[in-house]
Amino acid sequence: MRSPGDADEHAWLDGLRRGDATAFDAVFAGYRRRLYSHLVRMTRRRDVAEDLLQETFLRLAQHAARLAPDTRLGAWLFTVAHRLVVSWARAQAVRDQLAGDLPRREAAGDDRSPLEALADSQAQLALERAFAALPPAYREVALLVGVEGLPPIEVAQILGQTPEAVRQRLARARTQLAEALGEHAPASWRAP
Amino acid sequence: MSYNDDAEKLTELGQGLAGIDLNAASAARIAHRARQDVGRGPSLLRFIEPAIAAVLVTSYLVWAIAKVFEALP
(Lines give C-alpha, C1' and ligand atoms only; values in the text may rest on other atoms or scores of the structure.)
Protein backbone atom coordinates (compact mmCIF):
# COMPACT_ATOMS: atom_id res chain seq x y z
CA MET A 1 0.00 0.00 0.00
CA ARG A 2 1.26 3.47 -0.80
CA SER A 3 2.48 5.52 2.14
CA PRO A 4 2.18 9.29 2.08
CA GLY A 5 5.53 10.98 1.49
CA ASP A 6 7.37 12.98 4.13
CA ALA A 7 6.48 16.24 2.37
CA ASP A 8 2.78 15.32 2.47
CA GLU A 9 3.06 14.41 6.12
CA HIS A 10 4.73 17.69 7.09
CA ALA A 11 2.15 19.75 5.23
CA TRP A 12 -0.70 17.77 6.78
CA LEU A 13 0.77 18.04 10.25
CA ASP A 14 1.23 21.81 9.94
CA GLY A 15 -2.35 22.13 8.74
CA LEU A 16 -3.72 19.98 11.55
CA ARG A 17 -1.86 21.99 14.17
CA ARG A 18 -3.42 25.17 12.76
CA GLY A 19 -6.88 23.58 12.89
CA ASP A 20 -7.17 23.37 9.11
CA ALA A 21 -10.00 20.97 8.24
CA THR A 22 -8.64 20.56 4.70
CA ALA A 23 -5.49 19.01 6.15
CA PHE A 24 -7.68 16.65 8.14
CA ASP A 25 -9.46 15.61 4.94
CA ALA A 26 -6.10 14.85 3.32
CA VAL A 27 -4.99 12.73 6.30
CA PHE A 28 -8.32 10.93 6.28
CA ALA A 29 -7.99 10.18 2.56
CA GLY A 30 -4.36 9.10 3.00
CA TYR A 31 -4.86 6.76 5.94
CA ARG A 32 -8.51 5.69 5.88
CA ARG A 33 -8.04 2.57 3.79
CA ARG A 34 -4.83 1.48 5.52
CA LEU A 35 -6.28 1.87 9.00
CA TYR A 36 -9.57 0.27 8.08
CA SER A 37 -7.83 -2.76 6.50
CA HIS A 38 -5.71 -3.10 9.62
CA LEU A 39 -8.71 -2.81 11.94
CA VAL A 40 -10.80 -5.32 9.98
CA ARG A 41 -7.94 -7.82 10.10
CA MET A 42 -7.42 -7.25 13.82
CA THR A 43 -11.08 -7.38 14.89
CA ARG A 44 -12.38 -9.58 12.04
CA ARG A 45 -15.54 -7.49 12.08
CA ARG A 46 -16.35 -4.71 9.67
CA ASP A 47 -18.86 -3.01 11.97
CA VAL A 48 -16.37 -2.90 14.84
CA ALA A 49 -13.58 -1.78 12.52
CA GLU A 50 -15.78 1.07 11.31
CA ASP A 51 -16.49 2.21 14.87
CA LEU A 52 -12.82 2.06 15.81
CA LEU A 53 -11.84 3.91 12.64
CA GLN A 54 -14.26 6.69 13.55
CA GLU A 55 -12.89 6.87 17.08
CA THR A 56 -9.31 6.99 15.77
CA PHE A 57 -10.05 9.96 13.52
CA LEU A 58 -12.14 11.68 16.20
CA ARG A 59 -9.15 11.52 18.49
CA LEU A 60 -6.91 12.89 15.76
CA ALA A 61 -9.30 15.80 15.24
CA GLN A 62 -9.48 16.49 18.97
CA HIS A 63 -5.71 16.30 19.45
CA ALA A 64 -4.82 18.08 16.22
CA ALA A 65 -3.82 21.39 17.79
CA ARG A 66 -1.64 19.64 20.40
CA LEU A 67 0.35 17.39 18.07
CA ALA A 68 4.13 17.86 18.40
CA PRO A 69 5.85 19.28 15.30
CA ASP A 70 7.82 16.04 14.84
CA THR A 71 4.82 13.72 15.15
CA ARG A 72 4.78 10.86 12.67
CA LEU A 73 1.14 10.75 11.72
CA GLY A 74 1.13 7.12 10.61
CA ALA A 75 2.66 5.91 13.85
CA TRP A 76 0.34 8.18 15.86
CA LEU A 77 -2.77 6.85 14.12
CA PHE A 78 -1.72 3.20 14.38
CA THR A 79 -0.90 3.70 18.07
CA VAL A 80 -4.42 4.99 18.72
CA ALA A 81 -5.88 2.17 16.62
CA HIS A 82 -3.81 -0.39 18.56
CA ARG A 83 -5.07 0.93 21.92
CA LEU A 84 -8.65 0.90 20.71
CA VAL A 85 -8.31 -2.69 19.49
CA VAL A 86 -6.84 -3.74 22.85
CA SER A 87 -9.72 -2.09 24.73
CA TRP A 88 -12.27 -3.63 22.41
CA ALA A 89 -10.69 -7.09 22.76
CA ARG A 90 -10.75 -6.82 26.56
CA ALA A 91 -14.41 -5.80 26.55
CA GLN A 92 -15.17 -8.57 24.07
CA ALA A 93 -13.47 -11.14 26.31
CA VAL A 94 -15.62 -10.03 29.26
CA ARG A 95 -18.79 -10.17 27.14
CA ASP A 96 -17.86 -13.66 25.91
CA GLN A 97 -17.26 -14.80 29.46
CA LEU A 98 -20.62 -13.42 30.60
CA ALA A 99 -22.39 -14.94 27.62
CA GLY A 100 -21.01 -18.36 28.55
CA ASP A 101 -22.00 -20.95 25.98
CA LEU A 102 -24.54 -18.82 24.17
CA PRO A 103 -23.95 -18.80 20.43
CA ARG A 104 -22.05 -15.77 19.23
CA ARG A 105 -24.12 -13.17 17.36
CA GLU A 106 -22.79 -12.47 13.90
CA ALA A 107 -22.94 -8.85 12.80
CA ALA A 108 -23.91 -9.38 9.21
CA GLY A 109 -26.17 -11.81 7.42
CA ASP A 110 -23.35 -13.01 5.17
CA ASP A 111 -22.05 -16.43 6.20
CA ARG A 112 -18.51 -15.65 5.15
CA SER A 113 -16.15 -13.58 7.25
CA PRO A 114 -15.38 -10.12 5.82
CA LEU A 115 -11.88 -11.30 4.98
CA GLU A 116 -13.06 -14.42 3.18
CA ALA A 117 -15.64 -12.39 1.30
CA LEU A 118 -12.99 -10.22 -0.31
CA ALA A 119 -10.60 -12.99 -1.25
CA ASP A 120 -10.95 -13.71 -4.94
CA SER A 121 -8.61 -16.68 -5.28
CA GLN A 122 -7.70 -19.78 -3.33
CA ALA A 123 -4.24 -18.39 -2.64
CA GLN A 124 -5.64 -15.13 -1.31
CA LEU A 125 -8.18 -16.99 0.79
CA ALA A 126 -5.41 -19.14 2.23
CA LEU A 127 -3.41 -15.98 2.96
CA GLU A 128 -6.30 -14.26 4.72
CA ARG A 129 -6.99 -17.39 6.76
CA ALA A 130 -3.34 -17.79 7.67
CA PHE A 131 -3.17 -14.22 8.97
CA ALA A 132 -6.52 -14.60 10.75
CA ALA A 133 -5.27 -17.76 12.47
CA LEU A 134 -2.28 -15.97 14.01
CA PRO A 135 -2.56 -14.96 17.67
CA PRO A 136 -3.52 -11.25 17.74
CA ALA A 137 -0.14 -10.14 19.08
CA TYR A 138 1.71 -11.86 16.21
CA ARG A 139 -0.89 -10.81 13.64
CA GLU A 140 -0.54 -7.17 14.59
CA VAL A 141 3.23 -7.23 14.22
CA ALA A 142 2.98 -9.12 10.93
CA LEU A 143 0.50 -6.58 9.55
CA LEU A 144 2.43 -3.53 10.73
CA VAL A 145 5.69 -4.84 9.26
CA GLY A 146 4.45 -6.83 6.28
CA VAL A 147 1.64 -4.59 5.06
CA GLU A 148 2.52 -1.17 6.47
CA GLY A 149 6.28 -1.56 6.06
CA LEU A 150 7.02 0.07 9.40
CA PRO A 151 10.50 -0.28 10.95
CA PRO A 152 10.86 -2.29 14.20
CA ILE A 153 11.47 0.79 16.33
CA GLU A 154 8.23 2.36 15.17
CA VAL A 155 6.29 -0.90 15.58
CA ALA A 156 7.73 -1.21 19.09
CA GLN A 157 6.54 2.31 19.92
CA ILE A 158 3.06 1.64 18.53
CA LEU A 159 2.68 -1.56 20.54
CA GLY A 160 4.46 -0.35 23.67
CA GLN A 161 6.96 -3.23 23.35
CA THR A 162 10.72 -3.47 23.05
CA PRO A 163 12.23 -3.84 19.55
CA GLU A 164 13.49 -7.26 20.63
CA ALA A 165 9.96 -8.39 21.51
CA VAL A 166 8.82 -7.17 18.10
CA ARG A 167 11.58 -9.16 16.40
CA GLN A 168 10.60 -12.30 18.30
CA ARG A 169 6.93 -11.90 17.46
CA LEU A 170 7.75 -11.32 13.83
CA ALA A 171 9.89 -14.46 13.66
CA ARG A 172 7.13 -16.52 15.28
CA ALA A 173 4.51 -15.00 13.01
CA ARG A 174 6.60 -15.94 9.99
CA THR A 175 6.99 -19.53 11.21
CA GLN A 176 3.28 -19.91 11.89
CA LEU A 177 2.33 -18.33 8.58
CA ALA A 178 4.64 -20.69 6.70
CA GLU A 179 3.03 -23.67 8.44
CA ALA A 180 -0.50 -22.42 7.85
CA LEU A 181 0.10 -21.57 4.20
CA GLY A 182 1.73 -24.86 3.26
CA GLU A 183 1.57 -25.18 -0.53
CA HIS A 184 0.19 -21.64 -0.84
CA ALA A 185 3.38 -20.14 0.58
CA PRO A 186 5.39 -18.08 -1.93
CA ALA A 187 8.17 -20.01 -3.65
CA SER A 188 10.81 -17.95 -1.84
CA TRP A 189 9.42 -19.14 1.49
CA ARG A 190 10.09 -22.77 0.79
CA ALA A 191 13.41 -24.40 1.53
CA PRO A 192 15.99 -23.73 -1.23
CA MET B 1 16.99 -15.78 10.60
CA SER B 2 17.48 -12.04 10.95
CA TYR B 3 14.82 -9.43 11.50
CA ASN B 4 15.47 -8.03 8.03
CA ASP B 5 14.95 -11.43 6.47
CA ASP B 6 11.69 -11.91 8.38
CA ALA B 7 10.53 -8.41 7.48
CA GLU B 8 11.37 -8.91 3.81
CA LYS B 9 9.46 -12.18 3.66
CA LEU B 10 6.48 -10.72 5.51
CA THR B 11 6.46 -7.74 3.16
CA GLU B 12 6.40 -10.10 0.21
CA LEU B 13 3.46 -11.89 1.76
CA GLY B 14 1.72 -8.69 2.82
CA GLN B 15 1.58 -7.53 -0.78
CA GLY B 16 -0.83 -10.39 -1.42
CA LEU B 17 -3.33 -9.00 1.05
CA ALA B 18 -5.92 -6.83 -0.65
CA GLY B 19 -6.68 -3.42 0.82
CA ILE B 20 -10.10 -3.23 2.43
CA ASP B 21 -12.10 -0.05 2.22
CA LEU B 22 -15.31 0.98 3.88
CA ASN B 23 -18.21 2.14 1.75
CA ALA B 24 -18.27 5.73 0.55
CA ALA B 25 -21.29 6.73 2.66
CA SER B 26 -19.67 5.52 5.89
CA ALA B 27 -16.39 7.17 4.99
CA ALA B 28 -18.15 10.48 4.30
CA ARG B 29 -20.08 10.22 7.57
CA ILE B 30 -16.95 9.55 9.62
CA ALA B 31 -14.98 12.32 7.90
CA HIS B 32 -17.82 14.80 8.37
CA ARG B 33 -18.24 13.89 12.03
CA ALA B 34 -14.54 14.06 12.85
CA ARG B 35 -13.61 17.17 10.85
CA GLN B 36 -16.07 19.19 12.93
CA ASP B 37 -13.78 18.60 15.91
CA VAL B 38 -10.54 19.69 14.22
CA GLY B 39 -8.90 22.33 16.40
CA ARG B 40 -11.67 22.24 19.00
CA GLY B 41 -10.00 19.96 21.52
CA PRO B 42 -11.71 17.23 23.49
CA SER B 43 -15.45 17.48 24.04
CA LEU B 44 -16.55 19.03 27.36
CA LEU B 45 -18.59 15.87 27.95
CA ARG B 46 -15.31 14.06 28.45
CA PHE B 47 -14.77 16.07 31.63
CA ILE B 48 -18.39 16.56 32.68
CA GLU B 49 -19.36 12.89 32.66
CA PRO B 50 -16.65 11.74 35.12
CA ALA B 51 -17.41 14.76 37.32
CA ILE B 52 -21.12 13.86 37.47
CA ALA B 53 -20.24 10.23 38.19
CA ALA B 54 -17.87 11.32 41.00
CA VAL B 55 -20.55 13.53 42.58
CA LEU B 56 -23.12 10.71 42.45
CA VAL B 57 -20.73 8.15 43.93
CA THR B 58 -19.62 10.53 46.69
CA SER B 59 -23.22 11.41 47.55
CA TYR B 60 -24.12 7.75 47.76
CA LEU B 61 -21.15 6.99 49.98
CA VAL B 62 -21.98 9.89 52.30
CA TRP B 63 -25.59 8.71 52.48
CA ALA B 64 -24.50 5.11 53.18
CA ILE B 65 -22.06 6.17 55.92
CA ALA B 66 -24.72 8.39 57.49
CA LYS B 67 -27.11 5.42 57.54
CA VAL B 68 -24.49 3.28 59.26
CA PHE B 69 -24.02 5.93 61.96
CA GLU B 70 -27.80 6.18 62.38
CA ALA B 71 -28.00 2.44 62.93
CA LEU B 72 -25.32 2.47 65.63
CA PRO B 73 -26.68 2.38 69.18
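In which segment of chain A is the place of A:Ala185? A:Ala185 is found in the segment after α9 (163–181) of chain A, where helices (H or I, at least four residues) and strands (E, at least two) are DSSP runs numbered from the N terminus.

The structure shown is a predicted model, in which local features need pLDDT of at least 70, side-chain atom pairs count only at pLDDT 80 or more, and totals for chains, interfaces and linings use all residues. Residues are numbered from 1 along each chain as its sequence is written, while chains are lettered from A and ligands numbered from 1 in the order in which they are written.

**View 1. The surroundings of A:Ala185.** A:Ala185 counts as partly exposed because it has 19 C-beta neighbours inside 10 Å; a residue is buried if 20 or more other C-beta atoms, placed from the backbone, lie within 10 Å of its own, exposed if 12 or fewer, and partly exposed in between. From A:Ala185 to A:Gln62 the separation is 123 residues in sequence and 43 Å in space, C-alpha to C-alpha.

**View 2. The two domains of chain A.** Chain A is divided into domain 1 (1–109) and domain 2 (119–192), with bounds that come from an automatic or database domain assignment. Their C-alpha centres lie 20 Å apart, and the contact between them takes twelve residues from domain 1 and 14 residues from domain 2, two residues being in contact if their C-beta atoms, placed from the backbone, lie within 7 Å. On the side of domain 1 that touches domain 2, α4(A) gives the most, with five residues.

**View 3. The largest nonpolar core.** This core, a set of buried Ala, Val, Leu, Ile, Met, Phe, Trp, Tyr and Cys residues joined through C-beta atoms within 7 Å, holds 55 residues, and among those that touch the most other members are A:Leu39, A:Leu53 and A:Val141. Helix α2 (residues 21–43) of chain A provides the largest share, ten residues.

**View 4. Packing of α3(A) against α2(B).** Helix α3 (residues 46–63) of chain A and helix α2 (residues 24–35) of chain B pack at an angle of about 30°, their axes 8 Å apart; axes are lines fitted to C-alpha atoms, for helices over the stretch in contact, and angles run from 0 to 180 degrees between N-to-C directions. The two helices are therefore roughly parallel to each other, a term for angles under 35 degrees. Residues making the contact include A:Leu53 and A:Phe57 of α3(A) and B:Ile30 and B:Arg33 of α2(B).

Definitions and conventions
Angles under 35 degrees count as roughly parallel, over 145 as roughly antiparallel, 65 to 115 as roughly perpendicular and the rest as oblique.
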